[in-house]
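Hello,

Please find the structure below. My notes on it follow.

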Amino acid sequence: YRVLLVDDEPNILNALRRSLATIDARKLDGEALHFETFTSPDAAIERCDEQDFDLVISDYRMPSMNGVEFLSRVMELQPSVPRMIISGYADREAIIAAVNEVHLTRFLEKPWNDEDLHQAVISILGQAPSRS
């Protein structure tokens with residue numbers, strides 16, 4: 001499974017990747033997770049134009065564009081990819097906007113709980129084969 005991780009803070013990206021890398025592949029039909037990480041939403045969008053992903057996980061608050069704007073652009077390129085936001089900025093209106101505007105699959109708050117994160121990713125990717 002190809003997973004795109006986007007956060008403007010490199011230490012958050014590394015922590016996210018480390019956490020997700022501990023998911024047992026047997027929980028994902030034996031498929032390993034392969035990560036691409038970006039601190040720039042613009043660079044991540046360029047990559048989405050070249051490579052399909054099975055899951056996109058983004059921060060909400062980033063300097064050049066917020067997570068909803070970023071995921072909206074990703075949705076134009078890859079309409080069926082599941083989209084997830086992880087953010088310490090848990091404004092109710094922002095969450096509702098994200099769910100409605102970019103058909104958010106999941107929203108998790110920072111700091112995230114590793115078990116909740118793992119369960120969300122396993123659940124989302126476990127549904128991947130049935131997506132069209």
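**Sheet**

Ile85 has Phe107 as its bridge partner in strand 5. The two strands behind this, strand 4 (residues 83-87) and strand 5, pair in the parallel sense over four bridges; two strands pair if DSSP finds at least two bridges between them. Helices (H or I, at least four residues) and strands (E, at least two) are DSSP runs, numbered from the N terminus.

This is a predicted model, in which local features need pLDDT of at least 70 and side-chain atom pairs count only at pLDDT 80 or more, while totals for chains, interfaces and linings use all residues. Residues are numbered from 1 along each chain as its sequence is written, and side-chain values use heavy atoms, with hydrogens and water left out.

The strand pair belongs to an open sheet of five strands in the order 2-1-3-4-5, with parallel pairing. Strand 2 (34-38) and strand 5 (106-109) are the edge strands, each pairing on one side only. On average, neighbouring strands of this sheet are turned by 20 degrees against each other, direction ignored.

**Helices**

Helix 3 (residues 67-77) lies across strand 1 (2-6), strand 3 (55-59) and strand 4, and runs at about 155 degrees to strand 3. Axes here are lines fitted to C-alpha atoms, for helices over the stretch in contact, and angles run from 0 to 180 degrees between N-to-C directions. Contact means heavy atoms within 4.5 Å.

How do helix 2 and helix 3 run relative to each other, and what is the angle? The axes of helix 2 (residues 41-50) and helix 3 cross at roughly 10 degrees and come within 9 Å. The two helices are therefore roughly parallel to each other (angles under 35 degrees count as roughly parallel, over 145 as roughly antiparallel, 65 to 115 as roughly perpendicular and the rest as oblique). Helix 2 makes the contact through Pro41, Asp42, Ala44, Ile45, Cys48 and Asp49, and helix 3 through Phe70, Arg73, Val74 and Leu77. By class, this contact of helix 2 with helix 3 has seven nonpolar, no polar and three charged residues (Ala, Val, Leu, Ile, Met, Phe, Trp, Tyr, Cys and Pro count as nonpolar, Asp, Glu, Lys and Arg as charged, and the others, Gly among them, as polar).

Ser72 is also placed in helix 3. Ser72 counts as partly exposed because its relative accessibility is 28% (buried means under 20% relative accessible area, exposed over 50%, partly exposed in between, with a 1.4 Å probe and protein chains only).

**Salt bridges**

The structure holds six salt bridges, each a side-chain nitrogen of Lys or Arg within 4 Å of a carboxyl oxygen of Asp or Glu. One of them joins the side chains of Glu36 and Arg2 (2.7 Å, N to O). Glu36 lies in strand 2 and Arg2 in strand 1, so the pair ties together parts that are 34 residues apart in sequence. Glu36 is buried, at 15% relative accessible area, whereas Arg2 is partly exposed, at 28%.

Lys110 forms a salt bridge with Asp7, with the closest N and O atoms 2.7 Å apart. Lys110 is in the loop between strand 5 and helix 5 (114-126) and Asp7 in the loop between strand 1 and helix 1 (10-21), so this pair ties together parts 103 residues apart in sequence. Asp59 also forms a salt bridge with Lys110, the closest N and O atoms being 3.1 Å apart. That pair links Asp59 in strand 3 to the loop that holds Lys110, 51 residues apart. Asp59 and Lys110 are both buried, and Asp7 is buried as well. Separately, salt bridges that share partners join Arg2, Glu36, Arg47 and Glu50 into one network.

Regards
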